[in-house]
Number of protein chains: 4
Amino acid sequence: MNLIRPKLPAAEALRELFEAVRAHSLELAAPLSAEDQCIQSMPDASPTKWHLAHTTWFFETVLLQPHASGYQAFDPRFHYLFNSYYEALGPRHPRPQRGLLTRPSLDEVHAYRRHVDRAVLALLAHAGEADWATIEPILTLGLHHEQQHQELILTDILHALWCNPLLPAYRAPGGPGLRLASSPPPLNWLARPGGVAEVGHVQGGFAFDNEMPRHQVLLRPHAIADRLVNCGEFAQFVADGGYQRPELWLSDGWAAVQAQGWRAPAYWLAADDPRLAHEGVPGGWQVFGLHGVRPLEPEAPVAQLSFFEAAAYAEWAGARLPTEFEWEAAHDAPDITQMSGQVWQWTRSSYDPYPGFRPLAGVAAEYNGKFMVGQLVLRGGSVATPPGHTRPSYRNFFPPAARWQFSGLRLAKDL
Amino acid sequence: MNLIRPKLPAAEALRELFEAVRAHSLELAAPLSAEDQCIQSMPDASPTKWHLAHTTWFFETVLLQPHASGYQAFDPRFHYLFNSYYEALGPRHPRPQRGLLTRPSLDEVHAYRRHVDRAVLALLAHAGEADWATIEPILTLGLHHEQQHQELILTDILHALWCNPLLPAYRAPGGPGLRLASSPPPLNWLARPGGVAEVGHVQGGFAFDNEMPRHQVLLRPHAIADRLVNCGEFAQFVADGGYQRPELWLSDGWAAVQAQGWRAPAYWLAADDPRLAHEGVPGGWQVFGLHGVRPLEPEAPVAQLSFFEAAAYAEWAGARLPTEFEWEAAHDAPDITQMSGQVWQWTRSSYDPYPGFRPLAGVAAEYNGKFMVGQLVLRGGSVATPPGHTRPSYRNFFPPAARWQFSGLRLAKDL
Amino acid sequence: MNLIRPKLPAAEALRELFEAVRAHSLELAAPLSAEDQCIQSMPDASPTKWHLAHTTWFFETVLLQPHASGYQAFDPRFHYLFNSYYEALGPRHPRPQRGLLTRPSLDEVHAYRRHVDRAVLALLAHAGEADWATIEPILTLGLHHEQQHQELILTDILHALWCNPLLPAYRAPGGPGLRLASSPPPLNWLARPGGVAEVGHVQGGFAFDNEMPRHQVLLRPHAIADRLVNCGEFAQFVADGGYQRPELWLSDGWAAVQAQGWRAPAYWLAADDPRLAHEGVPGGWQVFGLHGVRPLEPEAPVAQLSFFEAAAYAEWAGARLPTEFEWEAAHDAPDITQMSGQVWQWTRSSYDPYPGFRPLAGVAAEYNGKFMVGQLVLRGGSVATPPGHTRPSYRNFFPPAARWQFSGLRLAKDL
Amino acid sequence: MNLIRPKLPAAEALRELFEAVRAHSLELAAPLSAEDQCIQSMPDASPTKWHLAHTTWFFETVLLQPHASGYQAFDPRFHYLFNSYYEALGPRHPRPQRGLLTRPSLDEVHAYRRHVDRAVLALLAHAGEADWATIEPILTLGLHHEQQHQELILTDILHALWCNPLLPAYRAPGGPGLRLASSPPPLNWLARPGGVAEVGHVQGGFAFDNEMPRHQVLLRPHAIADRLVNCGEFAQFVADGGYQRPELWLSDGWAAVQAQGWRAPAYWLAADDPRLAHEGVPGGWQVFGLHGVRPLEPEAPVAQLSFFEAAAYAEWAGARLPTEFEWEAAHDAPDITQMSGQVWQWTRSSYDPYPGFRPLAGVAAEYNGKFMVGQLVLRGGSVATPPGHTRPSYRNFFPPAARWQFSGLRLAKDL
């Protein structure tokens with residue numbers, strides 16, 4: 001399901017890609033009942049069904065309505081229901097109430113997807129060369145947009161299942177995929193020289209506006225860990241009183257620890273957790289994930305961390321988080337591992353615009369730029385990220401207290 | 001589906017009643033999808049599926065576990081999931097998170113109901129005379145309990161559907177039942193003498209503990225309206241600025257008007273409401289109900305009122321609400337109409353214990369008594385109340401700001 | 001400082017009374033600095049300075065502006081600043097922000113009081129007989145109003161001082177007055193017959209509208225305690241786990257215990273309280289009061305209780321709270337003690353209107369009636385109540401969670 | 001009152017400086033009554049009296065207790081009351097309740113200051129050379145700390161006075177100082193070359209840890225405005241619907257506009273504001289400041305802006321905010337004006353640690369570093385900043401919604 005990005009994608013290649021991406025969303029939803037797909041467990045998360053509809057709405061609104069002559073909306077009321085945050089497109093259903101939309105039913109959302117898919121494919125089939133230049137970038141943006149929501153389908157349903165005292169598994173424990181790999185022991189420090197580094201998207205292929213323009217930055221000599229911090233290491237931080245020692249925490253982080261009662265990463269269960277009473281589990285930490293509750297695997301990367309927890313761990317370890325540019329510059333370093341496909345890696349960089357940043361034109365202007373305050377950059381990509389979706393220049397971002405993502409950390413230190 | 005209350009109900013009659021009540025809950029849920037039955041639109045309302053499971057849990061916990069030897073719980077974890085508010089039974093799933101229980105699935109809840117039904121019927125079939133004295137009152141309580149939740153199934157799903165901008169109907173507009181009848185014009189005042197009145201449950205037949213003991217009260221001469229206030233009359237209050245005139249409101253009511261932005265009863269839609277844009281409706285108020293959006297019917301009783309709105313209307317009309325005892329004493333007055341089966345009628349009586357009140361024994365001690373503060377009494381019964389469920393002495397109660405019930409008013413005045 | 005209420009008070013008597021009441025407010029404020037008098041420790045409490053100004057505003061607004069020809073307002077902006085809750089008088093300074101009014105200064109508020117006092121005395125001096133009939137009831141209402149605020153001056157500043165970790169005393173520990181008396185041991189039950197009782201204000205003398213009309217009620221036989229519950233008894237309830245046993249509590253009360261972390265009455269300090277670290281106190285409970293921190297006096301009436309705590313104690317003691325009518329009927333019972341002057345006594349009566357209740361005319365219509373929902377009646381009067389202010393028919397009222405008043409309880413039980 | 005920073009400050013010079021800084025705090029408080037100095041108008045602001053005590057506590061805790069042998073604390077309970085946010089020093093009085101501390105009285109706080117001043121001067125007088133190396137940096141830090149609170153004394157009391165409907169002036173309108181100067185018309189763009197720039201504190205003299213280490217950054221060619229944005233320009237933004245156009249705002253900024261009802265900078269009053277009703281003001285905007293309400297001065301720098309408003313204005317103006325490094329690099333540019341002494345200038349830089357940042361040792365480790373997330377950098381210095389307190393490398397920081405500071409903006413743009 002890798003996104004192929006030929007320099008000049010033929011209509012045929014794009015059509016195949018479109019069909020593959022669209023099908024993958026449904027595959028991700030397949031293990032879930034209609035009830036599962038309907039609920040919203042917190043304002044930050046959205047129902048699966050909403051993701052399926054919203055990604056469809058994006059194609060309908062940004063591609064079909066302006067560019068497919070004679071296109072008939074599946075249901076004009078969906079324009080209001082499935083807009084996420086585009087102010088330019090008018091009022092929309094309030095985000096915290098997405099879980100109340102039992103109607104349209106899941107079946108109707110499936111029909112909505114088919115309706116839009118047919119119209120997109122028809123548009124592709126009949127596009128002349130002049131249309132192509134317009135259509136191709138929008139369609140490509142829509143596919144990358146849908147891939148972002150594919151990750152959210154997983155992280156959001158995981159949060160919803162976590163809120164159920166029965167702790168149901170998204171996938172059968174013995175089933176395929178979506179497990180974190182082992183981190184290779186031991187951790188080694190890779191020395192990195194300072195100097196000028198080029199960062200940001202290299203011309204060619206798709207990238208989001210927030211990765212551009214490519215530009216130079218100055219780095220100082222430093223070292224970066226060759227792998228991610230793993231659960232065994234993080235368990236030592238917990239055992240060492242990490243969550244009780246304010247001196248390790250940023251001020252807002254310590255406030256979050258106290259206000260939210262954090263004692264461990266988001267989905268860790270202590271052995272005496274009442275939700276485990278019917279399980280007959282052995283002692284020690286249990287970790288809830290897409291395959292349900294399983295004993296903590298010491299060598300698996302730690303995940304479901306907020307930035308605050310990542311930064312506190314780094315402080316405890318006598319290190320720090322890398323900046324996003326240190327991370328990017330180290331991307332192709334020899335001997336570095338686990339740079340993507342495991343967990344997103346919190347960096348010590350606020351999500352600021354690059355020098356010379358210009359948002360996309362039109363509706364997509366609201367895609368990234370308007371969120372560039374109060375968030376931190378994560379780099380890499382996770383086990384939940386569709387393969388091929390990310391790049392070394394890819395900038396993910398979340399508020400510092402967010403902990404429902406597959407988000408962990410890699411250490412760095414000054415030399 | 002009327003609850004038959006023979007003085008000595010035979011096992012057979014009780015069995016039939018049990019089956020009828022249990023079946024009725026499923027009939028009420030039948031028009032709803034699994035998605036509809038899963039969600040919770042506010043902390044005060046519960047999902048349909050939760051009501052189906054909780055009423056089953058009640059029989060399991062209060063009847064089967066103590067009294068059916070060898071009973072095997074369907075799933076011991078349901079003890080935690082479906083306890084509503086019984087502190088004596090230990091911790092329970094938090095009320096505001098009932099809508100997150102996509103598991104157990106609706107099918108599993110149906111299986112749970114069948115499991116418990118079979119066990120109850122087996123218990124009934126084999127009960128000796130000694131058992132009977134124990135079992136019969138618990139089973140009867142459980143049936144009245146389930147009937148109370150049948151009403152909530154309707155009022156809670158109506159609120160959930162109201163939260164959906166598509167305003168879907170619970171029942172097809174042309175379908176049977178659940179409509180409010182016309183109030184007979186004009187309103188007549190019935191003069192009522194003062195003096196001693198007997199109130200509370202008359203010995204014989206089932207009643208809740210809060211209706212007892214029967215006792216005497218002193219009434220002053222007064223008049224009571226022979227019918228309910230209707231929508232046409234309430235629309236005049238709205239048009240006369242009723243929601244903008246603080247002098248008509250209790251202090252907490254006026255605060256609620258301003259904080260919640262109340263402008264009309266809960267489910268009234270003004271002609272320019274954006275949710276009506278796709279409907280092609282004529283001018284004037286539209287009212288959302290179990291049959292969907294329909295033009296306001298001036299002669300239908302007004303419903304979905306808070307106590308605050310009922311009291312403000314009465315003030316505007318130069319009248320007042322009856323006390324619960326005036327209402328009860330007038331129950332059999334000649335020429336009085338609409339005393340039940342339309343809307344619950346707010347009274348000007350706080351929900352205080354009767355003199356000599358004693359709560360039920362055991363778990364059921366928490367049934368009514370612990371809620372006797374901060375609520376107002378409603379009398380009568382609504383279109384959503386299962387026929388036969390109420391009595392003239394029946395005391396319903398809600399906080400004064402609650403407006404998602406079929407709750408309206410009847411006027412009274414001093415003479 | 002007793003309010004003399006002759007049948008036909010001469011202007012002279014009323015003048016003396018006016019001067020005495022007005023002077024008493026300043027005497028209550030005298031131990032407090034300008035800083036003390038400025039702050040507001042919670043939205044329910046008001047600054048001393050605000051009380052001094054608001055009671056003055058009441059005379060200015062209700063008496064002088066309509067009835068003193070040529071009266072010049074001290075500062076027209078005070079009309080906005082010092083209105084409490086009278087909607088008919090237009091917008092007003094938000095209640096939670098009363099503590100931000102450093103200006104007018106305390107000195108200016110004193111000048112405001114003198115300005116209004118002079119105008120009232122001039123009005124009295126020159127009132128003809130026709131004026132008198134108008135002026136006298138308003139002036140008398142204003143005096144009773146000011147007395148109510150005199151009690152709040154004490155309870156509100158006590159809360160404010162309690163919020164200060166230094167726990168400063170309002171009065172020197174050895175100084176005069178404002179201490180609770182001992183409750184005479186042991187507690188005796190006074191049997192009370194049932195039957196018709198007359199309740200409400202007897203014609204003649206001042207009373208608030210909420211005490212009227214006088215009417216008959218039916219009581220059942222019961223017993224009432226001859227004295228208040230004292231601190232020693234309440235400490236046994238605490239020691240017996242009273243605050244950890246949900247079965248003793250009303251549902252909303254138990255929620256308050258958990259949400260607020262209640263463990264004892266409002267101003268009780270456990271021996272290990274860090275605020276006592278610099279005090280060198282002996283073991284056992286300490287109680288904060290107007291004279292500062294003092295060891296719990298077992299025979300003093302318990303105070304600073306919410307209704308929820310009073311009701312839970314009564315449940316624990318195998319008794320109940322009296323209704324407000326049982327209390328009123330017992331007022332003159334032989335051998336009954338501590339009916340006023342110690343603590344307000346929570347009753348098991350919601351604050352509902354009396355049959356035939358009519359609010360006062362004009363602005364004073366908002367005085368009592370609009371608060372008649374969601375509150376409980378307290379009877380008696382406290383050590384902080386100005387002597388002579390209350391009557392047997394006097395109805396005080398607070399929400400059930402309020403615990404910053406001198407509020408305690410007397411037990412009753414069914415016979 | 002300029003802080004002299006000789007390379008080796010003699011004890012004498014430091015003593016003079018100490019006395020001058022300490023005296024200046026009292027001068028700032030002098031126009032305020034004890035009531036004014038006691039209140040807290042929001043959790044982010046602190047009472048004047050608290051600032052006076054906390055700065056004293058800092059010297060007592062960080063300097064005297066560890067380094068002045070035999071020092072007797074003025075009152076050991078102040079350790080709890082006047083700690084601001086130092087977790088290492090144990091629990092402390094909750095920030096939102098600082099306004100409840102009527103005790104200690106203002107007079108006692110003055111006595112506390114004298115007590116500590118005497119002890120510091122005695123320490124200075126008797127310090128040997130070895131002591132000096134320890135004492136001097138701590139004392140210097142304490143002076144800079146007190147200067148920061150001097151600015152807060154002004155901004156916090158201005159907010160408190162703003163909350164008073166009487167809108168009292170801190171200083172007489174005709175009195176000296178604390179007015180913003182005119183911005184020279186017209187605005188000119190200064191072209192700035194790209195390339196390597198050195199930023200951060202140059203060795204020598206005092207600086208905070210967050211200004212270090214000095215390091216190189218790469219800048220792109222850009223232009224920066226030669227003066228601040230003024231009120232007349234900002235009024236055009238308002239008139240052009242700036243507060244109604246979501247496309248100009250960051251997402252969190254637009255949410256703040258709607259949630260807080262922002263329509264103009266924080267202390268602007270529209271001509272029809274009811275608070276102006278008694279003032280007889282002419283039409284047009286009025287602006288509340290330290291000298292009270294005055295007509296908007298079009299050429300005065302706009303102040304009391306949040307970052308969100310500054311960024312929206314820049315977007316509207318077709319420009320952007322400078323980064324903190326562009327600002328610092330332009331500090332000595334020819335023809336640039338208003339770089340300090342008027343308003344703090346929001347930059348488009350999140351408050352991140354400099355590469356190689358190390359916090360101060362000991363208690364002061366909590367001074368800056370733990371706040372390095374979720375805030376934006378402001379540069380320059382304001383009319384409320386003590387003269388000489390800032391440097392070109394000085395980094396002030398506030399959350400993006402903060403608008404009670406003298407905070408404005410200077411434009412920049414890409415070339």
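**The B–A interface and the C–D pair**

About 2600 Å² is buried between chain B and chain A, with carbon and sulfur atoms giving 62% of it (buried area being the accessible area, with a 1.4 Å probe, that two parts lose on being put together, summed over both). B:Glu35, B:Arg103 and B:Leu166 supply 29% of what chain B buries against chain A, more than any other three residues. This is a predicted model, where local features need pLDDT of at least 70 and side-chain atom pairs count only at pLDDT 80 or more, while totals for chains, interfaces and linings use all residues. Residues are numbered from 1 along each chain as its sequence is written, chains are lettered from A in the order in which they are written, and side-chain values use heavy atoms, with hydrogens and water left out.

In terms of contact (heavy atoms within 4.5 Å), 32 residues of chain B meet 31 residues of chain A. The rule finds 4 salt bridges across this interface, a salt bridge being a side-chain nitrogen of Lys or Arg within 4 Å of a carboxyl oxygen of Asp or Glu. B:Asp36 forms a salt bridge with A:Arg103, the closest N and O atoms sitting 2.7 Å apart. Helix 2 of chain B gives the most to the side touching chain A, with 4 residues (helices are DSSP runs of H or I, at least four residues, numbered from the N terminus).

Methods:
Helices (H or I, at least four residues) and strands (E, at least two) are DSSP runs, numbered from the N terminus.
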